[in-house]
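Here are some notes from a read through the model. Please keep the coordinates open while going through the points.

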Amino acid sequence: MAIKRVVLVPMTTLGVTEYIETLRDEVSKTLSEIGLGELDVLVWPDVVKPPMKCFDWDRVQYNAGCIAKYLRDLFQVIGVVESSLIIGIGYLDGYEYGYNFVFGEAVREYNVAVVFTKRLKPEFYGEQASYDLYYERLVKEILHELGHLLNLGHCSNHCVMRFSNSVREVDEKPKTYCDECGVKARSYISSTK
């Protein structure tokens with residue numbers, strides 16, 4: 001089935017809902033810049049809280065794969081997951097096995113990604129709060145995980161698809177896809193039609 005839309009799903013009110021409409025516009029603009037303006041970018045109207053079964057009490061973090069599966073199952077019941085790329089966004093701390101933390105995780109076979117924003121806030125590192133810096137980091141990580149859903153791997157160019165092992169590496173990369181990644185993303189969407 002053809003991919004027709006990207007759905008941004010707030011998973012927390014704090015740190016997400018106040019940005020969500022602007023994030024939608026930014027993602028839509030970036031997709032248009034790489035020739036994917038035909039994809040609708042929508043905001044899910046409700047906060048979809050992650051289930052406690054995905055919370056690891058020893059780590060005090062959420063398991064990214066568990067949340068991705070939960071979102072896939074939920075949106076499959078609704079009937080939109082096959083034609084949509086779902087991105088859950090939450091002011092949460094997340095991990096995947098083998099990592100101390102992750103900013104996000106994409107599971108292409110589910111058409112679902114999750115972005116964890118707690119470590120994107122300057123306050124997490126004892127720095128002064130900055131709306132602009134947090135928003136910039138948030139955009140980059142959403143676009144990065146969306147890129148994985150568009151069949152993109154990590155990129156060594158000056159590109160949002162660069163791997164980020166720290167928030168400083170997030171700050172160093174741009175919030176745009178390089179030309180090579182743009183071509184690959186268009187090719188992938190064409191192949192779903």
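Over which ring does the charged end of Lys 121 sit?

1. The model is predicted, and that applies to every point here. The ring in question belongs to Tyr 91: the charged end of Lys 121 lies over it, 5.8 Å from the ring centre. Arg 72 makes a contact of this kind with Tyr 110. Its charged end sits over that ring, 4.2 Å from the centre.

2. Next, the aromatic pairs. The whole structure holds 10 of them. Take Tyr 19 and Tyr 131: their ring centres are 5.1 Å apart and their planes meet at 20°, so this pair is stacked. Tyr 19 sits in the loop between strand S1 (5–10) and helix H1 (20–33), while Tyr 131 belongs to helix H3, so the pair ties together parts 112 residues apart in sequence. Tyr 19 is buried, at 5% relative accessibility. Tyr 131 is partly exposed, at 45%.

3. Phe 55 and Trp 57 make an edge-to-face pair, with 4.8 Å between centres and 80° between planes. Phe 55 has 16% relative accessibility and counts as buried. Trp 57, at 64%, counts as exposed.

4. Tyr 19 and Tyr 131 also belong to one aromatic cluster with Tyr 134 and Tyr 135.

5. Now helix H3 itself. Of its 19 residues, 15 are buried, so the rest of the structure largely encloses H3. Just after the helix, Asn 151 adopts a positive phi of about 75°.

6. Strands S3, S4 and S6 form an open sheet, in the order S3-S4-S6, with mixed pairing. S3 (55–56) and S6 (94–95) are the edge strands. Each has a single partner, so one side of each lacks a neighbour in the sheet. S4 (residues 61–63) and S6 run parallel, joined by 2 bridges. Tyr 62 has Gly 94 in S6 as its bridge partner. Helix H2 (residues 64–78) packs on this sheet and touches S4 and S6. The direction of H2 makes about 55° with that of S4.

7. Strand S1 is largely enclosed by the rest of the structure, because 5 of its 6 residues are buried. S1 runs parallel to strand S2 (residues 40–43), and 4 bridges join the two. Val 6 stands opposite Val 41 in S2.

8. How many residues of strand S8 (residues 112–116) are buried? The count is 5 of 5, so S8 is largely enclosed by the rest of the structure. In a regular strand, side chains alternate between the two faces of the sheet. In S8, Val 112, Val 114 and Phe 116 point one way. Ala 113 and Val 115 point the other way, and all are buried.

9. S8 also pairs with two strands named here. With S5 (residues 84–90) the pairing is parallel, over 5 bridges, and Gly 88 has Val 114 of S8 as its bridge partner. With S7 (residues 104–107) the sense is antiparallel, over 4 bridges. There, Gly 104 has Val 115 of S8 as its bridge partner.

10. Last, the turn. S7 and S8 form a hairpin with 4 residues between them. Asn 111, in that turn, has a positive phi of about 60°.

Note on methods:
Residues numbered from 1 in each chain as written. Predicted model: local features only at pLDDT ≥ 70, side-chain atom pairs only at ≥ 80, totals over all residues. Heavy atoms only, no water. Buried < 20%, exposed > 50% of the residue type's maximum accessible area, 1.4 Å probe, protein only. Phe/Tyr/Trp six-rings, centres within 6.5 Å; stacked < 30°, edge-to-face > 60°. Lys NZ or Arg CZ within 6 Å of the ring centre and 35° of its normal. Pairing = 2+ DSSP bridges. Contact = heavy atoms within 4.5 Å. Axes fitted to C-alpha atoms, helices over the stretch in contact; angles between N-to-C directions.
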